[in-house]
Amino acid sequence: MASEGLAGALAAVLAGRGLRVQGCDSGPAGEPLAPARLRKNVCYVVLAVFLNEQDEVLLIQEAKKECRGSWYLPAGRMEPGETIVEALQREVKEEAGLHCEPLTLLSVEERGTAWIRFVFLARPTGGILKTSEEADAESLQAGWYPRTSLPTPLRAHDILHLVELAAQYRQQARHPLVLPQELPCSLVCQRLVATFTSVQTVWVLVGTVGMPHLPITACGFTPMEQRGGIKMAVLRLLQECLTLHHLAVETKGLLGLQHLGKDHTDGVCLDVLVTVAFRNPGIQNEPPKVRGESFFWWKVMEEDLQSQLLQRLQESSVVPVNR
């Protein structure tokens, strides 16, 4: 791919549009690239945060035996054949009685490929709030509660951070609106926008196998990969082409994600913004040397793309990924 093609690919990823996954540049050692299969080797969870004009949060009361009577945000596991948005809408309808649409991805939480949770800011579009008379196996009831005075007991306190994250985003959006793109992917993988910056100049790491492209690294299913989390796949790819002991690598967050869920394509591709820098910068104005011929540093010359990248980097304008 000529620089024009790379520029188009980078523009698409920065805009959250995604790209088809054509191949993989890095995979876990000694482990075949197994396709992702819900209920077999991957688990995806969706969660919705609703905030109304009165600064109230939509909560549901749990019906499950182990947490019956406690309160939580609408959430649940995705089913095979669903898109991420379809799963979110189904869970909200089952647990709260409301129709909804997601506004943006707020955060992604992960425990390796074994458990990935997609957290959305959403808004209701219809339906009737579930009452205690409609209690079933999904939930006992739903209700709106002041953000600063939530009912007790909560099923878990992890939702407090998510509620505050949603409130902060509504007050001042940290990243552009991001919604899942319905593109097929068989693996759990990450597309890297790995950057090196120097004096308002940005370089991006590019894979050379086939047409030049933004590198793809596959997440593994071994216990070691699970313990390291999905960020381990980023470091693995960079270790294959860079000498990391004198470099600082930081995964900033997500620019977008893609998933389809149809036709047994349960994989997901996360577009990840990564920074590479020298631990002791000195007068280093060039990116670190790349080993081998599978990768090279591409100097971004297009002013618009360069300014977009610098802005996203300086403001950490990405969806956070948390463990």
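**Note on the predicted model**

1. Of the chain's 323 residues, 54% count as buried. The model is a predicted one, and the remarks below should be read as describing it.

2. Overall dimensions. For 323 residues, a compact globule would have a radius of gyration near 20 Å; the chain has 21 Å, in agreement with that figure. The C-alpha trace spans about 65 × 40 × 35 Å along its principal axes. The accessible surface amounts to about 14700 Å², and carbon and sulfur atoms contribute 52% of it.

3. Secondary structure and contacts. The chain has six helices and 14 strands. Among contacts with a separation of 6 or more, 75% are between residues 24 or more positions apart.

4. Annotated region. UniProt, in an unreviewed entry, lists residues 37-167 as "domain: Nudix hydrolase". In the model this stretch is 18% helix and 37% strand, and its end C-alpha atoms lie 34 Å apart.

5. A three-stranded sheet. Strands β3, β2 and β7 form an open sheet in the order β3-β2-β7, with antiparallel pairing. Because β3 (71-72) and β7 (141-146) are at the edges and each has a single partner strand, one side of each is left without a neighbour in the sheet. The antiparallel pairing of β2 (residues 56-61) with β7 runs over six bridges. Within this part of the model, Val57 is opposite Tyr145 in β7.

6. Aromatic pairs. The whole structure contains five aromatic pairs. One of them joins Phe196 and Trp203, which are tilted, with 5.8 Å centre to centre and 55° between the planes. Phe196 is buried, at 3% relative accessibility, and Trp203 is buried as well, at 7% relative accessible area. Phe196 also pairs with Phe278, edge-to-face, with 5.7 Å between centres and 80° between the planes. This second pair links distant parts of the chain: Phe196 belongs to strand β8 (residues 188-198) and Phe278 to strand β12 (residues 268-278), 82 residues apart. Phe278 has a relative accessible area of 14%, so this residue counts as buried, the limit being under 20%.

7. Aromatic cluster. Phe196, Trp203, Phe278 and Trp297 make up one aromatic cluster.

8. A buried loop residue. Ser316 sits in the loop between α6 (303-314) and β14 (321-322). Is this serine buried or exposed? Ser316 is buried, because its relative accessible area is 18% and the limit for buried is under 20%. Apart from neighbours within four places in sequence, Ser316 is in contact with Arg174 and Lys252.

Conventions. Residues numbered from 1 in each chain as written. Predicted model: local features only at pLDDT ≥ 70, side-chain atom pairs only at ≥ 80, totals over all residues. Heavy atoms only, no water. Pairing = 2+ DSSP bridges. Helix = DSSP H or I, 4+ residues; strand = E, 2+ residues; numbered from the N terminus. UniProt positions renumbered as here; feature names shortened; annotations may be inferred. Rg over C-alpha atoms; globule rule 2.2 N^0.38 Å. Buried < 20%, exposed > 50% of the residue type's maximum accessible area, 1.4 Å probe, protein only. Contact = heavy atoms within 4.5 Å. Areas by Shrake-Rupley, 256 points an atom, 1.4 Å probe, with all protein chains shown as cover. Phe/Tyr/Trp six-rings, centres within 6.5 Å; stacked < 30°, edge-to-face > 60°.
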